[in-house]
Amino acid sequence: MSDKAEPTLNETEAAHELQPSGEVTGETVEESVAETLHDIDSIKEELEAATAKADEAHEQLLRTVADMENQKRRQAQELEKARKFALEGFVNELLQVWDSLELGVKASMDEGADVDKLREGSELTLKLLLDAMNKFGVEQIDPREQPFDPEQHQAMTMVPSADIEPNTVIDVFQKGYLLNGRLVRPAMVVVSQGE
């Protein structure tokens, strides 16, 4: 018995189909080798082109990641600056009020200080402060003789009154304030209770 099995009829037919019908010459082999080498060169060129594209895409990705990191760092720095200097404009406005208060205190220390002039200076200083606050969205709540609003007012006491309609603010102990429409401090008020 031999180690090789006899080819079956189908295998033999297939082998005959694979063999060229004509003779194999040196030229045919050279052409086949040349064609194969050309195919290999073509595949190498395509591989080199694909590798170059991949390298370019990788470099572009690295640049994009670096740009994003730089942008993230710049935004963090800008946010930090915004936090530190957000009140700069407000402080500049308040400096005028500060200066005016210092002048008023200095004027009140003079022996012949005129109370009327001091009062007038204080009123002007309050106006400066009010203008500065309004410029930055701070509104004063002074609800005297208005209906009581629990959203913006805090009732300190209720007083019976026959002349004033119930739940009306009679007096204001301390004014309230809004910042851009949001309550910062409620007005502390006295409210009429009715009889």
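Val-29, Val-33, Leu-37 and Ile-40 make a nonpolar surface patch of about 320 Å². Patches are built from residues with over 30% relative accessible area and no salt bridge; nonpolar side chains (Val, Leu, Ile, Met, Phe, Trp, Tyr) are joined within 5 Å, and like charges within 9 Å. A salt bridge is a side-chain nitrogen of Lys or Arg within 4 Å of a carboxyl oxygen of Asp or Glu. Areas follow the Shrake-Rupley method with a 1.4 Å probe, and for residues only the protein chains shown count as cover.

This is a predicted model: local features need pLDDT of at least 70, side-chain atom pairs count only at pLDDT 80 or more, and totals for chains, interfaces and linings use all residues. Residues are numbered from 1 along each chain as its sequence is written, and side-chain values use heavy atoms, with hydrogens and water left out.

**Helix α2**

Ile-40 sits in helix α2. Helices (H or I, at least four residues) and strands (E, at least two) are DSSP runs, numbered from the N terminus. Glu-35 is in helix α2 too, which covers residues 26-85.

A patch of negative charge also lies on the surface. Its members are Glu-27, Glu-30, Glu-31, Glu-35 and Asp-39. Asp and Glu count as negative, Lys and Arg as positive; His and the chain ends are not counted. Each charge is placed at NZ of Lys, CZ of Arg, CG of Asp or CD of Glu.

**Buried or exposed?**

Buried means under 20% relative accessible area, exposed over 50%, and partly exposed in between (1.4 Å probe, protein chains only).

| Residue | Relative accessible area | Class |
|---|---|---|
| Glu-35 | 54% | exposed |
| Ile-40 | 39% | partly exposed |
| Glu-145 | 68% | exposed |
| Gly-176 | 0% | buried |
| Asn-180 | 62% | exposed |

**Gly-176 and its contacts**

Gly-176 belongs to strand β4 (residues 176-179). Which residues touch Gly-176, leaving aside neighbours within four places in sequence? They are Glu-139, Gln-140, Ile-141, Arg-185, Pro-186 and Ala-187. Contact means heavy atoms within 4.5 Å. Met-188 is twelve residues from Gly-176 in sequence, and their C-alpha atoms are 7.2 Å apart.

**Two positive phi angles**

Most residues other than glycine have a negative phi. Glu-145 has a positive one, near 65°. Glu-145 lies in the loop between β1 (138-141) and β2 (153-159). Asn-180 also has a positive phi, near 50°. The place of Asn-180 is the loop between β4 and β5 (182-185).
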